Amino acid sequence: MVDTKATLSIKGESDSAIDLDIRSGTVGPSVVDIAPLSKNGYFTFDPGFVATASCESKITYIDGDAGTLLHRGYPIEQLAEKSDYLEVCYLLLNGELPNREEKEAFDRTVRYHTMLNDNIADFYRGFRYDAHPMAMMCATVGAMSSFYHDSLDINDPESRQVATFRLISKMPTLAAMSYKHSIGQPSMYPRNELDYAENFLHMMFGNPCEETNVNPILADAMDKIFILHADHEQNASTSTVRLAGSSGANPFACIAAGIATLWGPSHGGANEAVLRMLGEIGDISNVEAAVKRAKDKDDAFRLMGFGHRVYKNFDPRAKVLKKSCDQVLGELGINDPLLDIARKLEEIALEDSYFIDKKLYPNVDFYSGIILQALGIPLSMFTVIFAIGRTVGWIAHWNEMLSEPYKIGRPRQLYTGHAIRDYRDIEQR
Ligand code: CMC
């Protein structure tokens, strides 16, 4: 909705004024539509997209100051408490919560597409035994485009839907295969009578020699982790998926690009980094020294799991996970010394003026690693779990973009290199 206009006056040789529309969303900051600037010979400059809305979206809303996260209007706390992961997937993809029949049909379709083309197993044989599971995920998800040719037509909504189900259904299978490869065990076939999280845990921890019994406490916690990672509006990996998709790339290639971006320690790789950091701190007595290092400008060390580009308050997902962490560890009777270090770190950091002034609060990754460790998930699989949960968010955004008229994403630049100059022969350099 165009609300009002802003006028940009440019002072100089020929003073000029450019009228720009200001557009309002349902909630949240309005945006200045700067498209007319390029016709007047200007670009905007915003490295890191700190103040730039790259698209219009109806999927997820974050109020970083209030610490609010809504999926299609529903608060994440309510979804984490009352919903399940596949219902959240339905909501993100379709805009509304499903009725009973819609939910059953959706669940059934996901359950019956979990198996992979058997030749995909050959890819895993080509990876070194110690390959990082995220490396295997990037490669094998990208390689799905060489198997599922009938779901590559991005202009056909039905083909997009088939790709959507294939990706959501098969991600846990691929993820568990990555893990099994790294420990030298045979992969497990999915079991369609199990729900999404149970099936993943069965494929992770089962073996062909005996029946798997998945602990329901673990399955519930896993499902909650998937819900909490399902979407987070225009973050780095989602923006990557949109950008890749804007060129017309196929869905499997786009999601592989999202996985690659998620891997970085500033993004999804942070959950792995948090656990490594807690391990390095090693003891409550070292926490103060770690906080001191994090504040030191000359030291590259940061408190992993703290800070967020958008949240300038508690990450609501961290609040849910903190509660869930106490519950899971309590129910399993686990006394994890890393949790004591994490609690102390949080306590000290939240009282420290450096963290208060910069509004650095615990983010989702601060507690997710501790729960994942309690579930028996190895460190190298933490970001893979994030990728499984986030797949639906990536797809929802990709599909939203393709459902409306869109342009290829093509940012501009402020060029500060050489102006034109003549080539010099090698002897003259
Ligand atoms: N520890 C210490 N100082 C920090 C931290 C931290 N974790 N995070 C930010 N700062 C400082 C930073 O040094 C800078 O100080 P100054 O203004 O004096 O230069 C200031 O706070 C602003 O930081 P920034 O890097 O400019 O902020 P950003 O919005 O570009 O970065 C972030 C956000 C998440 C990359 C960053 O806070 C960070 O590196 N955190 C640790 C990694 C982490 O936990 N990432 C997970 C993010 S949540 C999950 C996800 O979305 O994937």
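In this predicted model, strand E4 spans residues 60-63 and strand E5 spans residues 68-71. The two strands pair in the antiparallel sense over 4 bridges. Asp63 stands opposite Thr68 in E5. The hairpin of E4 and E5 has 4 residues between its strands. Within this hairpin, Gly67 adopts a positive phi near 70°.

E5 also pairs with strand E6, which covers residues 74-75. This pairing is again antiparallel and runs over 2 bridges. Here, Leu70 stands opposite Pro75 in E6. In the hairpin of E5 and E6, 2 residues lie between the strands. Arg72 takes a positive phi near 50° in that hairpin.

The structure also holds 2 cavities of 30 Å³ or more. The largest cavity has a volume of about 70 Å³. Its lining includes Leu86, Val110, Arg111, Thr114, Ser169 and Pro172. Leu194, Asp195, Tyr196, Asn199 and Met203 also line the largest cavity. Helices H4 (100-111), H7 (157-183) and H8 (196-205) each give two or more residues to this lining. H8 gives the most, with 3 residues. By class, the lining of the largest cavity has 6 nonpolar, 3 polar and 2 charged residues.

The second largest cavity contains about 30 Å³ of space. Gly307, His308, Tyr311, Asn313 and Asp315 are among the residues that line this second cavity. Lys359, Leu360, Tyr361, Pro362 and Asn363 line the second largest cavity as well. Its lining has 4 nonpolar, 4 polar and 2 charged residues.

Note on methods
Residues are numbered from 1 along each chain as its sequence is written. This is a predicted model: local features need pLDDT of at least 70, side-chain atom pairs count only at pLDDT 80 or more; totals for chains, interfaces and linings use all residues. Side-chain values use heavy atoms; hydrogens and water are left out. Two strands pair if DSSP finds at least two bridges between them. On a 1 Å grid over the protein atoms alone, a cavity is a set of points where a 1.4 Å probe fits but cannot get out, and a pocket is an open set with protein on both sides within 12 Å along at least five of seven lines; lining residues have an atom within 4 Å of a point. Grid points are joined across faces, edges and corners, and a volume is the space filled by probe spheres set on the points. Ala, Val, Leu, Ile, Met, Phe, Trp, Tyr, Cys and Pro count as nonpolar, Asp, Glu, Lys and Arg as charged, and the others, Gly among them, as polar.
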